[in-house]
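Biologist: Could you walk me through this one slowly? I am new to reading structures.

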Amino acid sequence: MTMRSVSTTGPKILEVTDLKTVFGTRDGAVHAVNGVSFHLREGELLGIVGESGSGKSVTMMSLLKLVPMPPAEITSGRVMFSARDLLSLSPGELRKVRGGEIGFIFQDPMTSLNPVFTVGFQLMEPLRKHMGLSKAEAREKAASLLALVGIPSPADRLDDFPHQFSGGMRQRVMIAIALACDPKLLIADEPTTALDVTIQAQILELVRDLRRELGMSMIWITHDLGVVAGIADRVAVMYGGLIVEHAAVEDLYANPKHPYTHALLQTLPSLDSERAEKLQSISGQPPSLDAEPTSCPFAPRCEFAFERCFRENPAIRSTNGGWAEDRVSHDVACWWDIEKGAPRDDD
Amino acid sequence: MTTDTLNQPGARDETTPLMRVENLKMHFPIHAGIFRRQVGTIKAVDGITFDIKRGETLGLVGESGCGKSTAGRVMLRLYEATEGRILLDGVDIARLKGEPLRKIRPRMQMVFQDPHASLNPRMTVGSIIAEPLDEHGLLKGAEREERVEELLDAVGLNPAFTNRYPHEFSGGQRQRIGIARAFALNPEFIVCDEPIAALDVSIQAQVVNLLEDLQARFGLTYLFISHDLSMVRHIADRVAVMYLGKIVELASRQDLYGAPKHPYTQALLSAVPIPNPAVEATREHIVLKGDLPSPANPPAGCNFCTRCPIATDLCRVEDPEWREIEPGRHVACHYAE
């Protein structure tokens, strides 16, 4: 593998601005996504990292209105994809985008395939719906897709049911379905979390190959900082429904600037360097999300928090002069400047 | 915690391992057809042998379905072993029944994987933690209350929480409750079955630090079952790697992570993504072909021969012997040198 180079000039295929999603529950509102903005350029892989409840999955589901509405409501935001705002499309138009122009891979390969239909049927369904192929053409294409994701004797396996596949194989089938209509964008929500490490390694290898061959644009949601390090070009870290840090992958790991990212990287026990006597831990619990944040959501757990952090929520802003021809903006939402060891100096 | 010795019989010999299993097997029958006849067996644990020394942490790693949880449960006599011996302090407990078995139960406890499923939602935290005390009739009344509060305090929860219910706590806090319950009877040996797998990264470190603190304070012995190789590297003194019901390699932490001998251990370690893009960019991954074979029908010869990158004809015929290649370093592979 070579060092990745991040495209800073290619056309943007996705631009999300100020996305907010609120769930109305019996016990009051849950503000899952609180104003998330990001974009993706052609051929890029953007990693979205966060813990459970950080809003990473809800953000991606909201892009295609895959969150159940109600109880969920997308209260603000724009999602520009192919010069259209996905949030203002009619249900019919949106159905064409889902599985057609945008493919989705879900976390659990055991539950996201329908157990009563053959794998071939589930692969051919989007091909016939979105691409208007005949049954015979769809079958041929389905077999070639299974071959692409590395399933042996693909033509025979089309008539098998999901339970006849192992977990790793099912995830390959899910990837094949997501790739079926040559999507411009592939969104993968924790696609390897339910898999064992050796099987995860196979899937990661497959994704690397597919990106090389097809030049796919991808968003990869995960809680695993190790997985992201190996495949992403850029990384956004989410906490409490907000993107708290964003940078090129090497930059983020070498030089984390948000105290949360910093602490998260410290808590991971390492496989290859000196073993620490005691693990660093982040005290406290993730925020409850019962209201839109009015202060920094990480402040109660932050070792650098000072008075302003409890009063105002910091907006995300660039720390390296923003985007440029040869530079990815390194954005942080924090009042503290971790490098200087002092509050940040502007405003 | 008090250091009562109620359940610790006899004089201890410091040289006997606290726990030793010899050729332990756990086979589950497969029944099929309308007469539910036995048509086969799942060899979940198929002949494992190892020691756990007093005060140490043995890490048991492997992928799902390799039998690591079953191994932990058989050692605690939660299943009836099919074959083999389980020696607690030199006494074979594999065939104990009735009262003698109940007597040894307090000496070994378990921390479960899923803190949402392992606590009864209808019981208060106080009654969950006190249940082992009630069951073994050790403490009553005020003493019992005191002990519960002491335990809550020891695991870093507010003792005033005794009357709350599990749903009022987060995952990490629930896992602390499960740990307090496991500690209630002053056990010597604790099986931690994936205690952090269901927790978020930022909470995992809190729970692991708690387990280490408690071990240092009370001189406990752990079997730490996990699929997280980096966490096991942190917590374990020695590590056993399991594949398809057998242990393929057992060595000290330094040896196992520094120079793994078994091809499966090598592949497993190389498959773990390292959170450092600079390292990941140049690292060679050994990607294993295929999937784990079914434990109902393991391959002939070496269990790993279907996926092994260096397998030869010998491996497909002869099961490699479990041998000590260096002092304290065991491996089951024909080509370990």
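Predicted model: local features only at pLDDT ≥ 70, side-chain atom pairs only at ≥ 80, totals over all residues.

Biologist: Okay, which peptide bond is cis, with omega near -15 degrees?

Modeller: That is the bond that runs from A:Met69 to A:Pro70, and A:Pro70 itself sits in the loop that lies between α1 (56-63) and β4 (72-81) of chain A.

Biologist: And what kind of peptide bond joins A:Pro70 and A:Pro71?

Modeller: That bond is cis too, with an omega of about 5 degrees, and A:Pro71 is likewise placed in the loop between α1 and β4 of chain A.

Biologist: Why point these out?

Modeller: Because most peptide bonds are trans, and most residues other than glycine have a negative phi.

Biologist: Then what is phi at B:Asn23, and where is that residue?

Modeller: Phi of B:Asn23 is near 45 degrees, which is a positive value in a residue that is not glycine, and B:Asn23 belongs to strand β1 (residues 19-32) of chain B.

Biologist: Is B:Asn23 buried or partly exposed?

Modeller: B:Asn23 counts as partly exposed, because it has 13 C-beta neighbours inside 10 Å.

Biologist: What about B:Glu194, buried or exposed?

Modeller: B:Glu194 is buried, because 20 other C-beta atoms lie within 10 Å and 20 is enough to reach the cut-off for that word. B:Glu194 also has a positive phi, of about 50 degrees, although it is not a glycine, and its place is in the loop between β7 (189-193) and α6 (201-218) of chain B.

Biologist: Changing topic, how many residues of chain A are in contact with chain B?

Modeller: There are 38 residues of chain A in contact with 33 residues of chain B. On the side of chain A that touches chain B, at least two residues each come from α7 (197-214), α8 (225-231), α9 (249-254) and α10 (259-267) of chain A, and α7(A) gives the most, with 6 residues.

Biologist: How does that side of chain A divide into nonpolar, polar and charged?

Modeller: It has 16 nonpolar, 14 polar and 8 charged residues.

Biologist: Last one: which residues have the most contacts inside the largest nonpolar core?

Modeller: They are A:Ala176, B:Phe224 and B:Val241, in a core of 203 residues, and the largest share of this core, 8 residues, comes from helix α6 (residues 167-179) of chain A.

Biologist: What is B:Val241 in contact with?

Modeller: Leaving aside neighbours within four places in sequence, the contacts of B:Val241 include B:Val61, B:Ile247, B:His262, B:Tyr264 and B:Leu268.

How values were computed: Residues numbered from 1 in each chain as written. Chains lettered and ligands numbered in written order. Helix = DSSP H or I, 4+ residues; strand = E, 2+ residues; numbered from the N terminus. Buried ≥ 20, exposed ≤ 12 C-beta atoms within 10 Å, placed from the backbone. Contact = placed C-beta atoms within 7 Å. Nonpolar A, V, L, I, M, F, W, Y, C, P; charged D, E, K, R; others polar. Core = buried A, V, L, I, M, F, W, Y, C linked by C-beta atoms within 7 Å.
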